[in-house]
Structure formats: structure tokens, C-alpha cells
Amino acid sequence: MFGIGKWKTEAWEGKVVKKEVFEDRSGEDDVVFYYLYVEMPEGNVVKKKYWDRKFFDQFSEGDKIVKRPGEKKPVKG
């Protein structure tokens, strides 16, 4: 059974400190993940994984990023 989705209640904000693309072409299907490393206000860095290149490309290192409850993806803040 699938969960309701953490995105419905999850809320956070921070600053993009690094971007990374991971490509795995070793299997039957090519897999590409886009990672944003986000520095939270407390100083810890959290690695967030996304599958959407267009979404990933809208952020640059140093951008403020905000995830609000009820929104599936964060936005520039």
C-alpha cells in the first residue's frame, strides 16, 4: 500500500548549495536522478532527489528554496 505522501505535510526551506546529476546506464533502463543539496537554517545539508530535469534546471547554487505543506515540489523563495 502506498502512503498518502509526505509532500502533503512536509514543510522546509533552505539554500541550494550543490546540484548533482546521477546517471545509471548499467541496467535495462537508463535511470537519471537529479539531486539538490539544500542547506537548512540549522546548518545541516540535506540531499533531495528529483526526476524532473526541467524542475532541476530552474535552480542554481545559492538560490533560496521553499517547500510548503500541500505543494508537491518546492519553489524558489
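**Entry 1: contacts and the model**

I took contact to mean heavy atoms within 4.5 Å. With that in hand I looked at contacts between residues at least 6 apart in sequence, and 43% of those in the chain join residues at least 24 apart. I note that this is a predicted model, in which local features need pLDDT of at least 70 and side-chain atom pairs count only at pLDDT 80 or more, while totals for chains, interfaces and linings use all residues. Residues are numbered from 1 along each chain as its sequence is written, and side-chain values use heavy atoms, with hydrogens and water left out.

**Entry 2: elements and overall extent**

I counted 1 helix and 5 strands in the chain, where helices (H or I, at least four residues) and strands (E, at least two) are DSSP runs numbered from the N terminus. Read from the N terminus, the order of these elements is β-β-β-α-β-β. The C-alpha atoms fill a box of roughly 40 × 35 × 20 Å along the principal axes.

**Entry 3: surface and charge**

Of the 77 residues, 26% count as buried, where buried means under 20% relative accessible area, exposed means over 50%, and partly exposed lies in between (1.4 Å probe, protein chains only). The chain carries 17 positive and 15 negative side chains, and the centres of the two sets lie 5 Å apart. Here Lys and Arg count as positive and Asp and Glu as negative, with His and the chain ends not counted, and each charge is placed at NZ of Lys, CZ of Arg, CG of Asp or CD of Glu.

**Entry 4: the nonpolar core**

I then turned to the largest nonpolar core, which has 11 residues, among them Trp12, Tyr34, Leu36, Tyr50 and Phe55. Such a core is a set of buried Ala, Val, Leu, Ile, Met, Phe, Trp, Tyr and Cys residues joined through side-chain atoms within 4.5 Å. At least two residues of this core come from each of β1 (12–24), β2 (31–39) and α1 (53–57), and β2 gives the most, with 3 residues. Setting aside neighbours within four places in sequence, I find Tyr50 in contact with Trp12, Phe33, Tyr34, Leu36, Phe55 and Pro74.

**Entry 5: salt bridges**

The structure holds 5 salt bridges, each being a side-chain nitrogen of Lys or Arg within 4 Å of a carboxyl oxygen of Asp or Glu. I looked up Lys73 and Asp52, whose closest N and O atoms are 3.0 Å apart. Since Lys73 sits in the loop between β4 (64–67) and β5 (75–76) and Asp52 in the loop between β3 (45–50) and α1, the pair ties together parts that are 21 residues apart in sequence. Both are partly exposed, Lys73 at 35% relative accessibility and Asp52 at 29%.

Arg53 and Asp57 also meet in a salt bridge (3.0 Å, N to O); both lie in helix α1, 4 residues apart, about one turn of the helix.

For Asp63 and Lys76 the bridge is 3.5 Å from N to O, and because Asp63 is in the loop between α1 and β4 and Lys76 in strand β5, this pair ties together parts that are 13 residues apart in sequence. I note that Asp63 is buried at 18% relative accessible area, whereas Lys76 is partly exposed at 47%.
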